[in-house]
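Have a go at each task before you read its solution.

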Amino acid sequence: MSGASAEARNWKPSHNPWLIAVTVTVAAFMEILDTTIVNVSLPHIAGNLASSYDDATWALTAYLAANAIVLTISGWFGRVLGRKRYFMICIGMFTVCSFLCGIASNLPELIVFRLLQGFFGGGLQPNQQSIILDTFPPERRSGAFAITAVATIVAPVLGPTLGGWVTDTYSWRWVFFMNVPVGIGGLIAVAALVEDPPWARKQKASIDVVGLALITIGLGCLQVMMDRGEDDDWFGSPFICILALLAVAGILGAIGWMLTVKNPIVDLRVFADRNFAIGCLLIGGVGFTLYSSAVLVPQFAQQVIGYTALLAGLVLSPGGLGIILLIPFVNYGMKRIQPRYFIAFGFFLLGVALVVSANLTTQVSFYDLVIYRALQAGALGFLFVPISVVAYQTLPKEMNGDGSALFSMMRNVMGAIGISLSTALVTERTQIREAHMAHWMTPFHQPFVAYNNNTRALLERLGRPAGSIGPAVNNQIYQQFREQASVLAYNDAFLTFSLVCFALVPLCWLLAPRKAGG
């Protein structure tokens, strides 16, 4: 056995593995939080920087597009620069860019700084995961992934609530400034605690320019298309059609190129491992349902019931707490029960929770919304840790870098698709419900006549001028018509996403079984 292979075989971290896991997870939590925390601040940003709300959304689009691209190629950056060095560069520059976003004096500056923030932030999630994979032996990874789940699942849920509170209490600029002390502390802790194993140190690697270009075009255009599609009327817009063509060409071209070239920028051979390939599909399903449901609930609360951004965010928060409390029990249970059983149960439970959530009305209470969201979040608690454990169960440690990058990319890209489809589905189903309900809006339908007469009588008792009563009655009926159609559309969306969850259950049986206690 050579000296290098002996070193790799005997390598262990010098510091406490759990301290390392918490340190790298805090950095990833900061970055994941930034994907959602800015959303509720956009109206304040637009007003303060003298721009429209539509223009201000480019600050989100720029961040997400850069983030999606770098997530995929972060393994290559880690090989070229050394994983620890690259991780520290990402933390340091993410912190600097956060400060620059906070002091931006106009919207173009903010968009550029957000683009850079997304570029450097994209390396944090996959590197955090690969560091944990190498720090812990396989039999202890489930506990470490429980810590990771706090960042991955709780951060997107906490983001809108925290962002609304910070913006209302201080200023939208503090949404970015709050990253600075966390980033500085994280940088110091990583420098002191984290070290690279022999297989993750700086290596000589050529630059796959073609692969990099194709990934940039494919994922960048896909992310912009998903983020801007609803505002630009989807495929009714030439801009969206061009983005769609470029996204398909870029992604298919990148796959073909990386499967044939000798030294690709991302090694797709990781998908030859069955557990990893199925795990990526399943974590994509988790990202899809996590982000789409996290959008639907507060969106319904704000647009239909009239909740403030902070109150709508508070609907999500108890669910995040439930995940934190549930994950230790799932982790303990995996020592005795195969993880694929937990995953199948989790998707089934999430499907049932979404069916239960499809009972919204205009009179739904805050308590009911919290219960609906808590049921959804509880199901997610059965998914993330078991999927993460199974996905890397048989993957060679030398492939942890590319594996973590692709695993994180699948979750985030599918999450972006879920957000876009949830918004588009509500819009489409609202129109369909309106068309279906319109034939009841007739003098020949007794409930419509009764509602019309009652509204007219109420306005007369309130002393409204006779000439304004007719238009006021029509306006009131139309508002009720729109509101009821919207409620039914949200119920339809929940039912649609529940079918996705049920469809993922059979995939769980394709995972290779793992012995209890393994």
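**Exercise 1.** How close do the axes of H5 and helix H12 (residues 209-228) come, and at what angle do they cross?

*Solution.* First, some housekeeping: this is a predicted model, in which local features need pLDDT of at least 70 and side-chain atom pairs count only at pLDDT 80 or more, while totals for chains, interfaces and linings use all residues. Residues are numbered from 1 along each chain as its sequence is written, and side-chain values use heavy atoms, with hydrogens and water left out.

Step 1: find the elements. Helices (H or I, at least four residues) and strands (E, at least two) are DSSP runs, numbered from the N terminus.

Step 2: read off the values. The axes of H5 and H12 come within 9 Å and cross at roughly 145 degrees.

Step 3: list the contacts, meaning heavy atoms within 4.5 Å. On the H5 side they include Trp58, Leu60 and Leu64, and on the H12 side they include Leu212, Ile215 and Arg228. By class, this contact has 11 nonpolar, five polar and two charged residues. Here Ala, Val, Leu, Ile, Met, Phe, Trp, Tyr, Cys and Pro count as nonpolar, Asp, Glu, Lys and Arg as charged, and the others, Gly among them, as polar.

**Exercise 2.** Describe how helix H5 (residues 58-81) packs with helix H19 (residues 400-437).

*Solution.* Step 1: take the geometry. The two axes come within 8 Å, and they cross at roughly 175 degrees.

Step 1: name the arrangement. That angle makes H5 roughly antiparallel to H19. The naming scheme is: under 35 degrees roughly parallel, over 145 roughly antiparallel, 65 to 115 roughly perpendicular, and the rest oblique.

Step 2: look at who meets whom. Among the H5 residues in this contact are Asn67, Trp76 and Arg79, and among those of H19 are Asp402, Met409 and Asn412. The contact of H5 with H19 has six nonpolar, seven polar and two charged residues.

**Exercise 3.** Which residues join helix H16 (residues 339-357) to helix H18 (residues 384-391), and what classes do they belong to?

*Solution.* H16 and H18 pack at an angle of about 140 degrees, with their axes 9 Å apart. That makes H16 oblique to H18, and H16 passes H18 in a left-handed crossing.

Step 1: list the partners. Pro339, Phe342, Ile343 and Phe347 in H16 meet Pro386, Ile387 and Val390 in H18.

Step 2: sort them. The contact of H16 with H18 consists of seven nonpolar residues, with no polar and no charged ones.

**Exercise 4.** How many disulfides does a search of the whole structure find?

*Solution.* Step 1: apply the criterion, a pair of cysteine sulfur atoms within 2.5 Å. The search finds zero disulfides.

Step 1: check two cysteines. Cys501 is in no disulfide, and its nearest cysteine sulfur, that of Cys508, is 11 Å away. Cys508 is likewise in no disulfide, with the sulfur of Cys501 as its nearest, 11 Å away.

Notes
Axes are lines fitted to C-alpha atoms, for helices over the stretch in contact, and angles run from 0 to 180 degrees between N-to-C directions. A crossing is left-handed if the near helix is turned anticlockwise from the far one by less than a right angle, and right-handed if clockwise.
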